[in-house]
Amino acid sequence: MMKKFFVMILEDEYWARESIRRLCEQIPNVNVVGAFEDGTHALDFAHKTHVDAAIIDILLPNNSGFEIGKTLKSEFPELNLIFTSAVDAYETQIMEYDGDSFLHKPVELKDLQRALNRSNQSQQ
């Protein structure tokens, strides 16, 4: 049996955040421990709660999702970063920001499951 896998979502658009949350709830052993619309709250939360993976929208109103991810990774090296965007061109940049996966929005269950399974395997 796989261990519980704790996920945080950072997405400024409510509908997209809730859609990703609902998709995560369909994946066994995945537990969404926090969902945020801004990077400041997500960073504060990560300091207080164990998180295995962060699903981060690249285009945020007050922050770059890439910069938030890079900050998280520098403070929590084992954290898996899954970046999301409707702009495919960003996929080529995820490695510059220590990203582990890229998901095109709207996120589909099979793609999310694949990214989280890959993240979970790297944690073991």
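This briefing describes salt bridges in the structure shown above. The model is predicted. Side chains of opposite charge can pair when their charged atoms come close. The structure holds 7 salt bridges, and the points below treat several of them, including the pair R21 and E18.

**The pair in helix α1**

- R21 and E18 form a salt bridge through their side chains, with an N to O distance of 3.3 Å.
- Both residues belong to helix α1, which covers residues 14–25.
- R21 and E18 are 3 residues apart, and this spacing corresponds to about one turn of the helix.
- E18 counts as buried because its relative accessibility is 15%, and buried means under 20%.
- R21 has a relative accessible area of 25% and is therefore partly exposed.

**The pair in helix α4**

- R114 is joined to D111 by a salt bridge in which the closest N and O atoms are 3.2 Å apart.
- Helix α4, spanning residues 109–123, contains both R114 and D111.
- In this helix as well, the two partners R114 and D111 stand 3 residues apart, about one turn of the helix.
- R114 is partly exposed, with a relative accessible area of 46%.
- D111 also counts as partly exposed, at 23% relative accessibility.

- Salt bridges with shared partners link E108, K110, D111 and R114 into one network.
- Within this group, the side chains of K110 and E108 meet in a salt bridge of 3.6 Å, N to O.
- E108 has a relative accessible area of 42%, so this residue is partly exposed.

Technical notes: Residues are numbered from 1 along each chain as its sequence is written. This is a predicted model: local features need pLDDT of at least 70, side-chain atom pairs count only at pLDDT 80 or more; totals for chains, interfaces and linings use all residues. Side-chain values use heavy atoms; hydrogens and water are left out. A salt bridge is a side-chain nitrogen of Lys or Arg within 4 Å of a carboxyl oxygen of Asp or Glu. Helices (H or I, at least four residues) and strands (E, at least two) are DSSP runs, numbered from the N terminus. Buried means under 20% relative accessible area, exposed over 50%, partly exposed in between (1.4 Å probe, protein chains only).
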